[in-house]
Amino acid sequence: KRDIRQSHSGGRLNHQRCGHNGRDSRMVCCLPGARVQDVSVRLHEISKSKVEQPEVVVHIGTNDVGRKRKEVLQQDFMELGRALKTRTHRVVISGLLPVPRASEGKNRKIEDMNVWLRSWCMGQGYLFLDHWDL
């Protein structure tokens, strides 16, 4: 299982931190400041194994909201989805998290993107992890 996360620091991607969980074969990668497009571009570096990964969980996107038009961000997710499908048969997209001190408008955009992500994931056969309904 592979888990790819972004940092919500708002900074740009400058390095990645990856490591294995000592109890199982899970690898977790954190890409501080990463955006959806960054993960698509660097996926080959993150997943160096030629073997298909059993499951990939991706938590990314909040840093993109408000910086890109919704349609462009949707295209970025679709590109990432295509890239992930070549590496795994089970993709889990983690919904975008609300930002505690963000404006109501930004959190509404995040929620709107989650509505689209849920629908898109269903159409692609991906799982969608919704943090807002927990």
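Predicted model: local features only at pLDDT ≥ 70, side-chain atom pairs only at ≥ 80, totals over all residues.
## Overall make-up

The protein has three helices and six strands. Read from the N terminus, the order of these elements is β-β-β-α-β-α-β-α-β.

The chain holds 134 residues, and 43% of them are buried. Among contacts in the protein with a separation of 6 or more, 70% are between residues 24 or more positions apart.

## Helices α1 and α2

Helix α1 covers residues 36-46 and helix α2 covers residues 70-85. Their axes come within 9 Å and cross at roughly 25 degrees. An angle under 35 degrees counts as roughly parallel, and α1 and α2 are therefore roughly parallel to each other. Their crossing is left-handed.

Which residues meet where α1 and α2 touch? From α1 come Val36, Gln37, Val39, Ser40 and Leu43. From α2 come Leu73, Asp76, Phe77, Glu79, Leu80, Ala83 and Leu84. Sorted by class, the contact of α1 with α2 has eight nonpolar residues, two polar ones and two charged ones.

## Helices α2 and α3

Helix α2 also passes helix α3, and the crossing is right-handed. The axes of α2 and α3 come within 11 Å, at an angle of roughly 30 degrees. On the α2 side, the contact is made by Lys70, Leu73, Gln74, Phe77, Met78, Gly81 and Lys85. On the α3 side, it is made by Asp112, Met113, Trp116, Leu117, Trp120 and Gln124. By class, the contact of α2 with α3 has seven nonpolar, three polar and three charged residues.

Leu73 and Phe77 of α2 are named in the contact with α1, and Leu73 and Phe77 are also named in the contact with α3.

## Two residues of α2: Gly81 and Lys70

Gly81 is part of helix α2. Is Gly81 buried or exposed? Gly81 has a relative accessible area of 1%. Under 20% counts as buried, so Gly81 is buried. Apart from neighbours within four places in sequence, Gly81 is in contact with Trp120 and Tyr126. Gly81 and Val58 are 23 residues apart in sequence, and their C-alpha atoms are 10.0 Å apart in space.

Lys70 is also found in helix α2. With a relative accessibility of 40%, Lys70 counts as partly exposed. Residues up to four places away in sequence aside, Lys70 touches Asp112 and Met113. Lys70 and Trp116 are 46 residues apart along the chain, and 9.8 Å separates their C-alpha atoms.

Asn114 belongs to helix α3. Its relative accessible area is 3%, so Asn114 is buried. Which residues does Asn114 contact, leaving aside its neighbours within four places in sequence? Asn114 is in contact with Gly95, Leu96, Phe128 and Trp132.

Ser94 lies in strand β5, which covers residues 91-94. Ser94 is buried too, with a relative accessible area of 3%. Not counting residues up to four places away in sequence, Ser94 touches Val58, His59, Ile60, Leu129 and His131. Ser94 and Val58 are 36 residues apart in sequence, while their C-alpha atoms are 5.8 Å apart in space.

Notes
Residues numbered from 1 in each chain as written. Heavy atoms only, no water. Axes fitted to C-alpha atoms, helices over the stretch in contact; angles between N-to-C directions. Helix = DSSP H or I, 4+ residues; strand = E, 2+ residues; numbered from the N terminus. Parallel < 35°, antiparallel > 145°, perpendicular 65-115°, else oblique. Left-handed = near helix turned anticlockwise from the far one by under 90°. Contact = heavy atoms within 4.5 Å. Nonpolar A, V, L, I, M, F, W, Y, C, P; charged D, E, K, R; others polar. Buried < 20%, exposed > 50% of the residue type's maximum accessible area, 1.4 Å probe, protein only.
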